[in-house]
Amino acid sequence: MMENKGINVLSLFDGMSCGQIALDRIGIKVHNYYASEIEKKSMQVTMFNYPNTIQLGSVVDIKGEQLPEIDLLIGGSPCQDISNLNKFKEGLDGSKSSLFYQYWRMWQETKPKYFLLENVAGNKSAIASITKLMGVRPIKICSSWVCAQTRMRYYWTNIPVNTLPKKTNTRLTDILQEDVDEKYFLKDGRLKWLLGSSGQRSLNKRFVGIDTDLAGCITKRSEGSWNCTYVTQNNRLRTLTPIEYERLQTVPDNYTACVDDKFRYEMLGNGWTVDIICHILKHIPSGLAIEK
C-alpha cells in the first residue's frame with residue numbers, strides 16, 4: 001500500500017506563509033515546506049504559526065541541487081517596479097521586481113511538478129515577459145470574488161484550474177469589528193490632511209476611500225502613505241484594524257498578532273488573498289501527494 005507522506009513545497013518570497021495557510025485550509029498534506037524569506041517579522045509570524053517550516057534565507061543564495069524533489073513551487077515576486085503606480089516604470093529591470101528572475105531560476109533548477117506565481121496586473125511589458133518565460137497564460141482574478149477587497153492579480157500556473165472561485169458577495173461592513181481600540185480612530189493631523197487639498201485629491205482619485213462597499217487594495221504602505229480605506233464608527237472616522245486587514249486577505253483572525261501593528265499591516269499588504277490561493281491549489285491532482 002502506498003503511503004501518503006505529503007508533498008515537498010518550495011515557497012519563494014514566502015512572507016508570512018500565506019501559501020502554508022492555503023495548503024492547510026484545503027487539506028493538502030505537506031512533507032517539507034521550504035521557505036525563502038528575509039523579513040524577520042514575517043518569519044517570526046510564520047514560525048509562530050508553522051514551527052516546522054524550513055527557513056532557507058535569501059532566494060539568491062538557494063541552489064536547486066541542494067533541495068530534494070520539489071512537488072510544488074509557489075511565490076509572489078516583488079511587484080513594486082511592475083505596478084502601474086510606479087512612476088519610474090522600470091518593470092523587470094527594477095531592483096525589486098527583477099527578483100522574478102530568481103523565481104524563474106529556481107523553477108528551472110528544481111523542475112517542480114506544479115508551480116504558482118503571483119504578481120500585480122500592472123506593466124504590460126513585464127507581464128508579457130513573465131508570461132513568455134513561464135510558458136503559460138496567467139489567470140486574472142480579483143480578490144473581491146472571495147472577500148471585501150478590490151485586489152486584481154495575475155496567477156501563472158500549470159495547475160489545471162478550469163473554474164473561477166465561488167463568489168461570496170462579501171462587503172466591507174460584513175468584516176468590521178464592533179469594538180475597536182481608540183488608537184485606530186483618526187487623530188487631528190490625519191483629519192486635517194484628509195480635509196485638505198492633498199487628501200481630497202486622494203479621495204477623488206480613489207486612493208483613499210471612506211465607507212466604501214469594498215476596501216481598496218491594501219498594500220505594504222497603505223497606512224504609512226495614507227493610501228487606505230476609512231470607516232465611520234460612532235460618528236468618527238477610523239482606520240481598519242489589523243484583524244480587519246486579516247479578514248480582507250482571508251487570513252485567520254490574529255494570525256499575525258505576535259508582532260506589532262506596524263508589521264502586521266505591512267506583511268498583510270504584501271501577502272496573498274488566501275482563499276484565491278486555496279481555489280487554485282485545490283485543483284492539484286489528488287495523486288500528487290502519494291509517495292511512490
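## Salt bridges in a predicted model

D275 has a relative accessible area of 26%, so this residue counts as partly exposed. The model shown here is predicted. Its salt bridges come to 13 in number. Three of them are described below.

**From helix α1 to helix α10**

The partner of D275 is R25. Their closest N and O atoms lie 2.7 Å apart. R25 sits in helix α1 (residues 18–26) and D275 in helix α10 (residues 274–281), so this pair ties together parts that are 250 residues apart in sequence. R25 is partly exposed too, because its relative accessibility is 38%.

**Around D261**

K183 forms a salt bridge with D261. K183 lies in the loop between α5 (172–175) and α6 (188–195), while D261 belongs to helix α9 (residues 261–270), so the pair links parts 78 residues apart in sequence. D261 has a relative accessible area of 18%; buried means under 20%, so D261 is buried.

D261 also forms a salt bridge with R264. The two residues are three apart in helix α9, so about one helical turn separates them. Both D261 and R264 are buried. Shared partners join K183, E246, D261 and R264 into one network of salt bridges.

| Salt bridge | Closest N and O atoms |
|---|---|
| R25 and D275 | 2.7 Å apart |
| K183 and D261 | 3.3 Å apart |
| D261 and R264 | 3.9 Å apart |

Notes:
Residues numbered from 1 in each chain as written. Predicted model: local features only at pLDDT ≥ 70, side-chain atom pairs only at ≥ 80, totals over all residues. Heavy atoms only, no water. Salt bridge = Lys/Arg side-chain N within 4 Å of Asp/Glu carboxyl O. Helix = DSSP H or I, 4+ residues; strand = E, 2+ residues; numbered from the N terminus. Buried < 20%, exposed > 50% of the residue type's maximum accessible area, 1.4 Å probe, protein only.
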